Amino acid sequence: MKPLFQLILFFACTHISLNLSAQDLSINQTQVIGSHNSYKSEMSPSLLEYLSKVNPTASQSLEYAHIPFEAQLDLGLRNLELDVFHDPEGGRYSNPKGLEIIKSSGEDIPDYDPGDALSKPGLKLFHVQDLDFQSHYLLFANALKALKNWSENNPDHTPIYVLINAKDGNIPGTRPVLPFTAAALDSIDLEIRTHLGMDHLITPDLVKGEFEDLESAVLAGNWPKLDDVRGKFLFVLDESEEKIDRYLSAKPELKDAVLFVNKKEGNPTAGFRIINNAVKDEAYIRELVKKGYMVRTRADSDTKEARSNDYNTFEKAKASGAQVISTDYYLPSTFFKSDYKVNFEGNTFERPNPILVKN
């Protein structure tokens, strides 16, 4: 990083921290921007070309990539979103089938797994088996170690929200994936505990405190103060009701759980909601935020907003008060010509929540 940029970044981040700290905010009284599929590195051009002939819409939707976590967090992003695949024995996703397509095109084979991570046991981190397999961190464990290292080098950072998708959907023509059973879902907890550590976590038990259940605590406004949880991460299982119930069978009432769950309000384990469509659900999100829930929504999806320079979804997301807004474009696209870029005023990624904090 160039010295001048480092200096600018330092003053920008210092201003954010002081601005939020001065108001003695709880974490639900802030609004942050982060990235979607945060691990994703650039997909092979020949694979994109192949997909454009088979499924042009899918090919276009994959034309984005991210810089490494550490660089995203240095910019000020405070949300990451990760896709994990169950692979307890290792090697299940080695030698992706897409390599044959790359070879046949004459393109050089990318150095996609220099550390032979795919052969090792443990959760894997990439987007689509056999096709969109290039990732900054192929092992979930390595991603967690990178986060821990960054956090310990920046101990005063504001909380970082991490969404987890436990991917077990089969795609025709790709190798079958392993299902996320209750035990497999619990292995996500285990890897986070092992490689990040409990000292770095905001857990459901922490928020619940002395209340009967998590939702009661949330409705009573028991989210921790921002300054009390600096240097910490909050993880959320962003999954279907069925998969969430499987996780809850391993972690009843979220006792001793690492992950919050996207459970609909009215349930004792509700607290952090995932509502993707800020245009359709702006009023609904605002209602939840006012009641005390935390909500994550999206500023853009499938590259559509970036291609048309359309900020309507982002404006709705901001106005809804959703505490976490994800984007693929905290930096402009390098795949196609577009000025689309998502940030708050002053090129920041964190601010007091406009619904809960009055100027």
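Tutor: Let's start with a term: a cavity is a set of points, on a 1 Å grid over the protein atoms alone, where a 1.4 Å probe fits but cannot get out, and its lining residues have an atom within 4 Å of a point. This is a predicted model, where local features need pLDDT of at least 70, side-chain atom pairs count only at pLDDT 80 or more, and totals for chains, interfaces and linings use all residues. Residues are numbered from 1 along each chain as its sequence is written, and side-chain values use heavy atoms, without hydrogens and water.

Student: Which residues line the largest cavity?

Tutor: The lining consists of Tyr93, Pro96, Leu118, Phe126, Gln129, Asp130, Phe133 and Arg175. By class, that is five nonpolar, one polar and two charged residues; Ala, Val, Leu, Ile, Met, Phe, Trp, Tyr, Cys and Pro count as nonpolar, Asp, Glu, Lys and Arg as charged, and the others, Gly among them, as polar.

Student: Now the sheet. In what order do the strands run?

Tutor: Strands (E, at least two residues) are DSSP runs numbered from the N terminus, and two of them pair if DSSP finds at least two bridges between them. Here five strands form an open, mixed sheet in the order E7-E8-E9-E1-E10. Strand E7 (272-274) and strand E10 (350-352) are at the edges with a single partner strand each, so one side of each lacks a neighbour in the sheet.

Student: How many bridges join E1 and E10?

Tutor: Strand E1 (residues 30-35) pairs with E10 in the antiparallel sense over three bridges. For Gln31, the bridge partner in E10 is Arg351.

Notes: On a 1 Å grid over the protein atoms alone, a cavity is a set of points where a 1.4 Å probe fits but cannot get out, and a pocket is an open set with protein on both sides within 12 Å along at least five of seven lines; lining residues have an atom within 4 Å of a point. Helices (H or I, at least four residues) and strands (E, at least two) are DSSP runs, numbered from the N terminus.
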